[in-house]
Amino acid sequence: MAGAYYHIGFPIFSRAVWGIWGSQFTIWNRIFLSFVWYGFQSFVGGQCLYLILLSWDPKLEEHIPNTMPADTGMTTATFVSYFIFCIISLPLLWIKPHRLQNFFYFTSSVTIVFFVVLLIWALATMGSDGGFGPTLDSKNMLPLTGGPVSVAWLMIYGIMSTVGSIAAGILNQNDYARLSKRPRHAIWGQAFAFPFYGILASVIGILVTAATQKRMGGEAIWNPPTLFVRLLEKDNNSPGTRAAVFFTGLALCISQMGSNLPGNGLAGGIDLACVFPRWLNIRRGAYVTAILSPIVNPWKLVNTATTFLTVLSGYGVFLAPMTGLMVSSYVIVTKQKLNVDDLYVGNKDSVYWYNSGINWRAPIAWVIGVAPCLPGFIAAINTSVKVPAGATELYYLNYLYGFLSSGLVYWLLHLVVPDQRLDGFVRESPSAKVLQEEYQERWDMIDTSHLQELAIVHTKEPKTTTGPMFL
């Protein structure tokens, strides 16, 4: 949580871990994921908007003739819905990160109310269809233990996949923690909110799917837009169902915007502004992310959702070691001490210059955290590839293994081959508490106009700086 104490974002803190120039590796990884996730979630948002259009015109597909090739996995109507959702989202990217709180309140409230209402409706109407479907069947044909197909290992894999699916958000959480007024606001807000809402959303999803399974002919439909399209067809486009579909689409659109814009659009904007500070600020970077996101062909990703989600959840193989390096660097190696001023010096005068701007210990530790999990990762994507059971089990532990192993190796390398300047700073500087209080006082004194002036000054000094102050 360096961001909460020193008010620096993910790109800037990465310089302390990887070096001033070595940090580009992690930043570009996050930029790539921003493009992919923004495109994917925007297309899902288009599916939600499609519900609104379908509630207005149940014969939408007939009135918008399909000219799309079959291999795209979409129709012209769904593409139009995606396009409209993208256009509607653009004005919201204008909101500055530190002014997003009210937007979060609104989208979160709408999302929670909608899913609670959805759960109540599903449970209240399932009686006539014979109760829960086989999704909640207690019969188990798998062994409890003994190999990667056992219940124990599949539960572990489920946990790691869930964590892996939000690995990108975990990696760059400093981008938002830095905006907290006090560290406790960022720490306790995440410590309680994420587990609660994560568990709640999972439970509601399982119950709604099971409660609607029998009325859908035994098919378990996990995607809410698909579920309501089926309901509209099943009820012969009745007025009541059309109204329900409209409000469902509206709530889901708001929900998608609430997660996609800050989690992917602004995250990409922050990273791009750090890489190109002379030409981009956060707002421009966010628009670049939105404009370039279609290059990932999100309609193809949604069409192959199972493989795609396996890849993205498994991408924790690469991101977990990066997170482990950050935690190891901040908590163990530097003992929570940072020289924030030197993070903005792009030459050998910086304590974080290491060797030509690269901390060689970081890539070595990262590779050790990644390489052993790659065979299982490849086998998960391509089921025709066969690997030993041990490789599969290690992959099931990918986030835990990558986080711990890379963090440990990073610390050992700094212990055995310490960087003299960094080691001297940690020994001679005041306590972490004193440093944190010093930078907190600086943060409290800087108002918005002064912050903008500092950003302009630093972007005009490319030879000595590598990003706008406090980005």
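Which helix does Ser328 lie in? Ser328 lies in helix 16, residues 316-333. Keep in mind that this is a predicted model. Ser328 counts as buried, because its relative accessibility is 4%, and buried means under 20%. Set aside the neighbours within four places in sequence, and Ser328 is in contact with Val333, Gly407, Tyr410 and Trp411.

Next, the cores. The largest nonpolar core has 71 residues. Tyr6, Ile8, Phe13, Leu319, Leu325, Leu338 and Tyr352 touch the most other members.

Now a helix pair. Helix 11 covers residues 224-234, and helix 12 covers 239-275. They pack at about 170 degrees, axes 10 Å apart. Angles over 145 count as roughly antiparallel, so helix 11 is roughly antiparallel to helix 12. From helix 11, Pro224, Pro225, Phe228, Leu231 and Leu232 meet Thr241, Arg242, Val245, Thr248 and Leu252 of helix 12. By class, that contact has seven nonpolar, two polar and one charged residues.

Last, salt bridges. How many does a search of the whole structure find? Two. In one, the side chains of Arg230 and Glu219 meet at 2.9 Å, N to O. This pair links distant parts of the chain: Arg230 is in helix 11, Glu219 in the loop between helix 10 and helix 11. Arg230 is partly exposed at 30%, and Glu219 is partly exposed at 39%.

Asp423 and Arg427 also meet in a salt bridge, 2.7 Å, N to O. Both lie in helix 21, four residues apart, about one turn of the helix. Asp423 is partly exposed at 31%, whereas Arg427 is exposed at 56%.

How values were computed. Residues numbered from 1 in each chain as written. Predicted model: local features only at pLDDT ≥ 70, side-chain atom pairs only at ≥ 80, totals over all residues. Heavy atoms only, no water. Axes fitted to C-alpha atoms, helices over the stretch in contact; angles between N-to-C directions. Helix = DSSP H or I, 4+ residues; strand = E, 2+ residues; numbered from the N terminus. Parallel < 35°, antiparallel > 145°, perpendicular 65-115°, else oblique. Contact = heavy atoms within 4.5 Å. Nonpolar A, V, L, I, M, F, W, Y, C, P; charged D, E, K, R; others polar. Buried < 20%, exposed > 50% of the residue type's maximum accessible area, 1.4 Å probe, protein only. Core = buried A, V, L, I, M, F, W, Y, C linked by side-chain atoms within 4.5 Å. Salt bridge = Lys/Arg side-chain N within 4 Å of Asp/Glu carboxyl O.
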